[in-house]
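Some comments on the model follow, as numbered points. Please read them with the coordinates open.

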Amino acid sequence: MRPLERADAAPIGALAGDFDVARMTGMIPHPYGERDALAWIERANQGDEGVVFAVARERALIGCSGYMPMDADHAEIGYWFGKPYWGAGFATEAVRAVVAHAFDAHGFAYVRAGHFVDNPRSRRVLDKLGFSPDGEEMRDCAARGEQVPCLTYRLDRERAAAALRQP
């Protein structure tokens with residue numbers, strides 16, 4: 001994981017611009033291209049998007065992960081990965097590091113995350129990391145242009161300490 005760079009705009013536009021990726025996120029519209037990605041990188045680097053990391057494999061960007069502080073005691077975790085990288089464990093590894101960073105850097109009591117009901121891959125990531133179901137709510141999905149049912153999860157600091165050490 002590393003900070004975002006302007007040079008990430010092309011791969012972000014290509015990967016996040018895939019409708020199958022964008023429709024599983026709340027904030028990525030469709031269509032989405034390099035110019036959109038560059039504007040997002042600039043906002044992220046100014047701190048307007050919370051804490052965001054590029055996730056790279058052999059120096060090539062494969063996705064992004066980060067968190068948005070919601071108040072003094074918790075943050076909301078978010079992540080997306082390009083379709084060629086689904087199912088290979090990259091999301092679990094990256095989210096584990098982001099959660100650890102959120103607890104270490106900010107001292108949050110807990111973190112939250114959510115996934116749309118039609119995204120079982122995200123559920124598996126959160127299950128592996130020890131997140132507990134916390135509810136269901138409707139959330140906006142920019143790519144779909146509608147609200148979608150979202151399952152929400154919570155991970156408390158104490159539970160995270162044990163769960164994040166496991167491979």
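Is Thr 152 buried or exposed? The points below start from that residue in this predicted model.

1. Thr 152 is buried, because its relative accessible area is 2% and the cut-off for buried is under 20%. The residue belongs to strand S6. Beyond its neighbours within four places in sequence, Thr 152 is in contact with Arg 112, Ala 113 and Gly 114, and also with Ser 132, Pro 133, Asp 134, Gly 135, Glu 136, Glu 137 and Arg 139.

2. S6 (residues 146-156) runs antiparallel to strand S4 (residues 110-116), and seven bridges join the two. Within this pairing, Gly 114 has Thr 152 as its bridge partner. Gly 114 is also one of the residues in contact with Thr 152.

3. S6 also pairs with strand S5 (residues 132-141), again in the antiparallel sense, over nine bridges. One of the bridge partners here is Val 148 in S6, which faces Arg 139 in the bridge listing. S5 and S6 form a hairpin with four residues between them. In that turn, Gly 145 has a positive phi of about 70°.

4. Most residues other than glycine have a negative phi. Glu 58 is exposed, at a relative accessible area of 72%; Arg 59 counts as exposed at 79%.

5. The peptide bond between His 30 and Pro 31 is cis, with omega about 0°. Pro 31 is in the loop between helix H2 (19-22) and helix H3 (34-45). Most peptide bonds are trans.

6. How many aromatic pairs does the structure hold? There are two. In one, the rings of Tyr 67 and Phe 108 have centres 6.2 Å apart and planes at 85°, so the pair is edge-to-face. This pair links distant parts of the chain, with Tyr 67 in strand S2 and Phe 108 in the loop between helix H4 (90-106) and S4, 41 residues apart. Tyr 67 counts as buried at 2% relative accessibility, and Phe 108 counts as buried at 3%.

7. The rings of Tyr 85 and Phe 90 also have centres 6.2 Å apart; their planes are at 70°, so this pair is edge-to-face. Tyr 85 counts as partly exposed, with 22% relative accessibility, whereas Phe 90 is buried at a relative accessible area of 17%.

8. His 74 lies in strand S3 (residues 74-81) and is buried, with a relative accessible area of 10%. Its side chain makes a polar contact with the side chain of Asp 73, at 3.2 Å. Not counting residues up to four places away in sequence, His 74 touches Pro 69, Phe 108, Tyr 110 and Arg 112.

9. Tyr 110, one of the residues that His 74 touches, has a charge over its ring: the charged end of Arg 154 sits there, 3.6 Å from the ring centre.

How values were computed. Residues are numbered from 1 along each chain as its sequence is written. This is a predicted model: local features need pLDDT of at least 70, side-chain atom pairs count only at pLDDT 80 or more; totals for chains, interfaces and linings use all residues. Side-chain values use heavy atoms; hydrogens and water are left out. Two strands pair if DSSP finds at least two bridges between them. Buried means under 20% relative accessible area, exposed over 50%, partly exposed in between (1.4 Å probe, protein chains only). A polar contact is a pair of N or O atoms within 3.5 Å; within protein, one must be able to donate a hydrogen and the other to accept it, and residues adjacent in sequence count only if both atoms are side-chain atoms. Contact means heavy atoms within 4.5 Å. Rings of Phe, Tyr and Trp (its six-membered ring) pair if their centres lie within 6.5 Å; planes under 30 degrees apart count as stacked, over 60 as edge-to-face and the rest as tilted. A charge sits over a ring if NZ of Lys or CZ of Arg is within 6 Å of the ring centre and within 35 degrees of the ring normal.
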